[in-house]
Amino acid sequence: SNSRKSRRSRAPPLMKAISGKDLPALYIVLVDEVMDGYVINAVSAALDALVDELSLNGGAARLGVATFGHTLSIMDIRSTFPHVSRIPLATIKMPDRAAEERGSLPKVTEAMSLIPVDEIIELDEFCVPMDQNGLKAAKAVLGGLSDLVAGSALERAAPVRCFGLAMSRLLEFVTQDVSRSHRLPFIGARVLSFIAGPPTHGPGELLNMASLLSPQKFNASVGLGDPRTAEARIIDPAKTKAAKAFYSSLGETAALRAVAVDIFAVLANSSTKVGLEAMSPLASMTGGAIRHYDMSQHQSSSGLREDLVQMGRRPIAWHGTLRVRVSPELKVGADEVYGSMCADPEADDLFHVAACDMDQTIGLGFEFNHGGSDNLRNGAVIQMAFAYTAHMLVESRGGDDDNMSGEEVDCDAKAKIMRNLYAVRRLRIFTKQFQSTSEVRDVQMSLELEPTISLLAHKICYEVHQENGMVKEPALLLRDWLVRVLAAALKSQAVARKRKPSSKKKRWVGPPLRPEEEAWSTEFALKLREALVSNPALRHLVLHVFGLLSSPLLAPGLSSDDHAVAEASISALSPADICGSIYHELRSVQSLDGGEKMESRPILRLARDALNHERGKLLLLDSVHRVCLYYPWDSMAASPPPRSDDPLPLPPHTTPHVGGGDNSDARSRSMPAKNFPFPPPDDCTLVEELRMRRCRSRFVAPLTVCRAGTTDARYFDDGLLEDHHLPEFLGGHSYPEFLSAVAVEVEAELAAT
């Protein structure tokens, strides 16, 4: 805790607390040997920062290190003389000289016999406690990781990456004691895998080797060599389907044994395809993460380090089990389970969560049993019971390890403060009764935006998988769903009016029209606007559906790797952050050290014409995945205050939404900057706010501080969603055009019914 005084509560009396040293959390690092030198150096530096964070847990975390290529290299870092044991995964037969001159590739076959890892080293010897001695040993091994990988590269005859086989052997080794004694020797395990290209051989392979006609193209395909030969990076769709089935089976095994798998793609160049879409079930079923880093950029190198430190810092719930019980009239939908969990193969409505933190989101959809909708007179009851194991932090004085009284600890005292972790098993039960109704309007008025958008985002990910990565059909389904929702809202509103006729036939007059609603001049469009204004949640739903349609989840030109990362980020966020990542939060900043809290400032629309009333202020755009502080002027020289009719600077090739005349002089005119130095000083309140926003989720969001007219200003311009246009198959509409098109479709839907 960063506070001067902290209070730790005693563990619940019915729960037995076990020392974290006796029931530790395992962190196992699996590093790709087929990496460029500067990439492995960046990975080594990031892991060095991670072990520093894990060492603060008082020995309750243990670390193991392994590498993979055509062998699985197990590092014994606990012995007096650390050494490496190599287990062959594949055999390589080099072509003769004549065949090599013709460009023939080495012949790689799977090893005839695989030696079990437990015959070489025991799990207790492989994972070293992160105490003072273990920290030194781990840092020494991680510091020499680049030399080890370079030596391994000299020993092997060809760059071979047997990722699937190495992961299978490692998971079998970690979970061996579970199979023998039916209990976990650890609170949970996390495998952090770093891969620099697609798996080339063995189970889970993705490369089409027949398409690689030369050793140069082969090296390019695995992420080495000249990036200009990127056309050789061919991933076979047939192998992708088989690989996805393999990694799904592997993920189910890991989830049932409380092992989470994280996949970090660390690439020497951005054109390398890794095949994260096929490997994604291994992470999504176990509660792991999928991240993509272009290590040719310095920001990605520092981002990897920050993300690993943040991962080691956040509390984790291990070995979770979720039981869902519902009324007899309901049941959990067969294809309505979303998020990072795995269904139990034997019990119904029982799910396993290998590891999760406080922000991860899961989704469940329910269906009526046969005739169940007719029996819901008293509403439906849903109960969820979640059991998990966690490390509870207890601080004590003078090394009193058994002090769990939870007394107040003064961090300024001269006595030594001990941080002790205890493993406790906890159970949380949530029960809620939902009222039933036959009125559509009641359902719409009880709409809660955050869970609705979270469930929609998970459904979109599922539909994209069902369409083999094609986004057109899921996007059209989402738009049709919105049309039906709005049509039902208007229909229920008309029914309510008939039941309660007004005494005076007076035309409805609401708040002033927004710019995008000016085109709603027809009688029907005004009725639709009335329905939206009377239900703010429904109005925000339209905004977020537009955000979903323009999000990376439904971007037609996005690579399969980037799409897999976007899908994995949905489950790693809280419902509030999912909404924020779809329709971003934009606020104005009046001063760097103002007493006014940021949350008290109104949220602005993501349209440039909505910012004309915020002249002379900074703009803070928080898209969850990036925090952008925007200076809406291009000069740092002080100048007189702007005229009230001066619009904000516009990006190139953009016409203003409001006002008229030529804006050339307005663009060149500098805005007042004497109250806002660039960049803001580190000791101001605003910078502290930015730090908190960056670190509120599992991964650290990049921070961009930019001025209008600079290259980095594109991050701010890209965040103004209402000015963007949807893909062509959705009409290519901006948000105002989208509203008009939806109004026409809603009217047609009502006419058809």
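**Questions on a predicted chain**

The model is predicted; its chain has a mean pLDDT of 75, and 71% of its residues reach 70 or more.

Reader: Where does pLDDT stay under 50?

Author: One such stretch is residues 502-513, for which the model has ten contacts beyond four places in sequence. Another is residues 636-672, with 58 contacts beyond four places in sequence. Where pLDDT is low, the predicted coordinates should not be read in detail.

Reader: What does the secondary structure of the chain come to, and how much of the chain do buried residues make up?

Author: The chain holds 22 helices and 24 strands. Of its 753 residues, 52% are buried. The chain exposes about 35,400 Å², and carbon and sulfur atoms supply 52% of that area.

Reader: What share of the contacts between residues at least 6 apart in sequence join residues at least 24 apart?

Author: The share is 78% in this chain.

Reader: Why are α6 and α9 called roughly parallel to each other?

Author: The axes of helix α6 (residues 163-174) and helix α9 (residues 237-256) cross at roughly 15 degrees. Angles under 35 degrees count as roughly parallel, and α6 and α9 are therefore described in that way. The two axes come within 11 Å, and α6 passes α9 in a left-handed crossing.

Reader: Which residues of α6 and α9 meet?

Author: From α6, the residues are Phe-163, Gly-164, Met-167, Ser-168 and Leu-171. Their partners in α9 are Phe-246, Tyr-247, Leu-250 and Ala-254. An α-helix has 3.6 residues a turn, so residues three or four places apart point the same way.

Reader: What makes α13 roughly perpendicular to α18?

Author: The axes of helix α13 (residues 449-466) and helix α18 (residues 575-582) come within 8 Å and cross at roughly 70 degrees. Since the range for roughly perpendicular is 65 to 115 degrees, α13 is roughly perpendicular to α18. On the α13 side, the contact is made by Leu-449, Glu-450, Ile-453, Ser-454, Ala-457 and His-458. On the α18 side, Pro-575, Ala-576, Ile-578, Cys-579 and Ile-582 take part. The crossing of α13 past α18 is left-handed.

Reader: Why does Ala-243 count as buried?

Author: Ala-243, found in helix α9, has a relative accessibility of 2%. Buried means under 20%, so Ala-243 counts as buried. Leaving aside neighbours within four places in sequence, Ala-243 is in contact with Gly-204, Glu-205, Leu-206 and Ala-278. Ala-243 and Gly-202 are 41 residues apart in sequence, and their C-alpha atoms are 10.0 Å apart in space.

Reader: What makes helix α10 mostly covered?

Author: Helix α10 spans residues 276-284, and seven of its nine residues are buried. The buried residues are Leu-276, Ala-278, Met-279, Ser-280, Pro-281, Leu-282 and Ala-283. Among them is Ala-278, which is also one of the contacts of Ala-243.

Reader: How do you know whether Leu-148 is buried or exposed?

Author: Leu-148 lies in helix α5 (residues 145-155), and its relative accessible area is 18%. That value falls under the 20% limit, so Leu-148 is buried. Not counting residues up to four places away in sequence, Leu-148 touches Thr-67, Met-75, Val-84 and Arg-86. Leu-148 and Ser-73 are 75 residues apart in sequence and 9.9 Å apart in space, C-alpha to C-alpha.

Reader: Why does Gln-176 count as buried?

Author: Gln-176 is found in helix α7 (residues 176-181). Its relative accessibility is 8%, under the 20% limit, and Gln-176 therefore counts as buried. Gln-176 touches Asp-118 and Leu-123, not counting residues up to four places away in sequence. With Asp-118, Gln-176 has a separation of 58 residues in sequence and 8.3 Å in space, C-alpha to C-alpha.

Reader: Where is Val-624 found, and why is Val-624 called buried?

Author: Val-624 is found in the loop between β22 (618-622) and β23 (627-631). Its relative accessible area is 6%, which is under 20%, so Val-624 is buried. Val-624 is not a glycine, yet it has a positive phi of about 70 degrees.

How values were computed. Residues numbered from 1 in each chain as written. Predicted model: local features only at pLDDT ≥ 70, side-chain atom pairs only at ≥ 80, totals over all residues. Heavy atoms only, no water. pLDDT = per-residue confidence, 0-100. Contact = heavy atoms within 4.5 Å. Buried < 20%, exposed > 50% of the residue type's maximum accessible area, 1.4 Å probe, protein only. Helix = DSSP H or I, 4+ residues; strand = E, 2+ residues; numbered from the N terminus. Areas by Shrake-Rupley, 256 points an atom, 1.4 Å probe, with all protein chains shown as cover. Axes fitted to C-alpha atoms, helices over the stretch in contact; angles between N-to-C directions. Parallel < 35°, antiparallel > 145°, perpendicular 65-115°, else oblique. Left-handed = near helix turned anticlockwise from the far one by under 90°.
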